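I opened this notebook to record what I looked up in one protein model. The entries follow the order in which I consulted the structure.

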Amino acid sequence: LEIIGLGLLSLPPEPSSRITSLDISRNEIESLDNLVDSCPHLQVLNARRNKLTDIGHHTFSKCRSEER
């Protein structure tokens, strides 16, 4: 799923739980909190050129260690 350069301030509410690749680059997103809960099958994330200030300690906690 590509959501690029739309000026988003946060992640879209409840994206599809089947997403394996997410490109949210060039937005204004400040937090990735609860990303893995929303997208448990996510394997690829591009969050470049955002305003990330909060990546919660549990954001990637459900990822297997070899995926981190």
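What does the accessible surface of the protein come to, and what percentage of it belongs to carbon and sulfur atoms? I found about 4,900 Å², of which 47% belongs to carbon and sulfur atoms. Accessible areas come from the Shrake-Rupley method with a 1.4 Å probe, and for residues only the protein chains shown count as cover.

Entry on conventions. I note that this is a predicted model, in which local features need pLDDT of at least 70 and side-chain atom pairs count only at pLDDT 80 or more, while totals for chains, interfaces and linings use all residues. Residues are numbered from 1 along each chain as its sequence is written, and side-chain values use heavy atoms, with hydrogens and water left out.

Entry on the fold. From the N terminus on, the order is β-α-β. Helices (H or I, at least four residues) and strands (E, at least two) are DSSP runs, numbered from the N terminus.

Of the 68 residues in the protein, I found 31% to be buried. Buried means under 20% relative accessible area, exposed over 50%, and partly exposed in between (1.4 Å probe, protein chains only). I then turned to contacts (heavy atoms within 4.5 Å). Among those with a separation of 6 or more, 20% join residues 24 or more positions apart.

Entry on N46. I located N46 in strand β2, residues 44-46. Is N46 buried or exposed? N46 counts as buried because its relative accessibility is 19%. Leaving aside neighbours within four places in sequence, I listed its contacts as L22, D23, I24 and S25.

Entry on positive phi. Which values did I find for R26 and R49? For R26, a residue other than glycine, phi is positive, near 55 degrees. R49 is likewise not glycine, and its phi is positive, near 55 degrees. I placed R26 in the loop between β1 (21-23) and α1 (35-38), and R49 in the segment after β2. R26 is partly exposed at 46% relative accessibility, whereas R49 is exposed with a relative accessible area of 65%.

Entry on charge pairs. Side chains of opposite charge can pair when their charged atoms come close. How many salt bridges does the structure hold? I found one salt bridge, the term meaning a side-chain nitrogen of Lys or Arg within 4 Å of a carboxyl oxygen of Asp or Glu. The side chains that meet in it are those of K51 and E28, at 2.9 Å, N to O. K51 lies in the segment after β2 and E28 in the loop between β1 and α1, so the pair ties together parts that are 23 residues apart in sequence. K51 is partly exposed, with a relative accessible area of 47%; E28 is also partly exposed, at 30%.

Entry on the segment before β1. I found L9 in this segment, and L9 counts as exposed at 64% relative accessibility. Not counting residues up to four places away in sequence, L9 touches E28, I29 and E30. L9 and E30 are 21 residues apart along the chain, and their C-alpha atoms are separated by 6.7 Å. S10 is also in the segment before β1 and is partly exposed at 45% relative accessibility. Between S10 and E28 I noted 18 residues in sequence and 7.4 Å in space, C-alpha to C-alpha.
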